[in-house]
Amino acid sequence: MPSILCLASIHIKGGVQIMYAIIESCGKQYKVAEGDVVFFEKLDAEEGKKVTFDKVVLVSDKKVEVGAPYVKGVKVEGKVLANGKAKKILVYKYKAKKNERKLQGHRQPYTKVEITSIKVAAEKKETKSEAKA
């Protein structure tokens, strides 16, 4: 049986595989890499402030590390670029034969974040202690 390569597990930029992480925020999971700009649901942070995401589900550099439920010692840091609202969606409610119609609009608030770094602290400490031994 041939092995199957999952393309979602590889993050390639300019022909080189780069480090990425899957983080959990606002009840959703996001795949991020350094330099990515991601739209999160509204976060309590002002423009220009730094944001830290501790709930890292998966980290991939040269090897894939999966957490149970989260990877220990890994943090993803980002910078808030903007807070805003998405485009308006229209919600139209209609009941047949009752002359009931209702049109309602909704704009979902978001926070635009640029990922600045993925820090893997636990792995560096292990390699230093192994080098001393």
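**Reading the features of a predicted chain**

Mentor: Let us begin with N99, which is exposed, its relative accessible area being 67%. The model is a predicted one, in which local features need pLDDT of at least 70 and side-chain atom pairs count only at pLDDT 80 or more, whereas totals for chains, interfaces and linings use all residues. Residues are numbered from 1 along each chain as its sequence is written, and side-chain values use heavy atoms, with hydrogens and water left out.

Trainee: How is the word "exposed" to be read, and what share of the chain counts as buried?

Mentor: Exposed means over 50% relative accessible area, buried means under 20%, and partly exposed lies in between (1.4 Å probe, protein chains only). Of the 133 residues in this chain, 25% count as buried.

Trainee: How many helices and strands are there in the chain?

Mentor: Elements are DSSP runs numbered from the N terminus: helices are H or I runs of at least four residues, and strands are E runs of at least two. The chain holds twelve strands and one helix. Read from the N terminus, the order is β-β-β-β-β-β-β-β-β-β-β-β-α.

Trainee: How many bridges join β10 to β11, and do the strands run parallel or antiparallel?

Mentor: Two strands pair if DSSP finds at least two bridges between them. Here β10 and β11 (residues 100–106) run antiparallel and are joined by seven bridges. In this pairing, I89 stands opposite H106 of β11. Four residues lie between the strands of the hairpin, and K97 takes a positive phi near 65° there. N99 is also found in the loop between β10 and β11, and its phi is likewise positive, near 55°, in a residue other than glycine.

Trainee: Which residues make the nonpolar surface patch?

Mentor: A patch is made of residues with over 30% relative accessible area and no salt bridge; nonpolar side chains (Val, Leu, Ile, Met, Phe, Trp, Tyr) are joined within 5 Å, and like charges within 9 Å. Areas come from the Shrake-Rupley method with a 1.4 Å probe, and for residues only the protein chains shown count as cover. In this structure L90, Y92, Y94 and L103 form a nonpolar patch of about 490 Å². Strand β10 (residues 89–95) gives the largest share, three residues. Y94 lies in β10 and, at 48% relative accessibility, counts as partly exposed.

Trainee: How many salt bridges does the count give?

Mentor: A salt bridge is a side-chain nitrogen of Lys or Arg within 4 Å of a carboxyl oxygen of Asp or Glu. By this rule there are two salt bridges. In one of them, the side chains of K28 and E41 meet at 2.9 Å, N to O. This pair links distant parts of the chain, with K28 in β4 and E41 in β5, 13 residues apart. Both are partly exposed: K28 has a relative accessibility of 41%, and E41 one of 27%.

Trainee: Which residue does K119 meet in a salt bridge?

Mentor: K119 meets E77, at 3.5 Å from N to O. K119 lies in strand β12 (residues 109–120) and E77 in strand β9 (residues 74–85), so the pair ties together parts that are 42 residues apart in sequence. K119 is partly exposed, at 42%.

Trainee: How many aromatic pairs does the structure hold?

Mentor: Rings of Phe, Tyr and Trp (its six-membered ring) pair if their centres lie within 6.5 Å; planes under 30 degrees apart are stacked, over 60 edge-to-face, and the rest tilted. The structure holds three such pairs. The pair of Y30 and F40 is edge-to-face, because the planes stand at 65°, with the ring centres 4.6 Å apart. Y30 is in strand β4 (residues 28–33) and F40 in strand β5 (residues 37–41), so this pair ties together parts ten residues apart in sequence. Both Y30 and F40 are buried. Ring pairs join Y30, F40 and F53 into a cluster.

Trainee: Where does the charged end of K31 sit?

Mentor: A charge sits over a ring if NZ of Lys or CZ of Arg is within 6 Å of the ring centre and within 35 degrees of the ring normal. The charged end of K31 sits over the ring of Y20, 4.6 Å from the centre of that ring.
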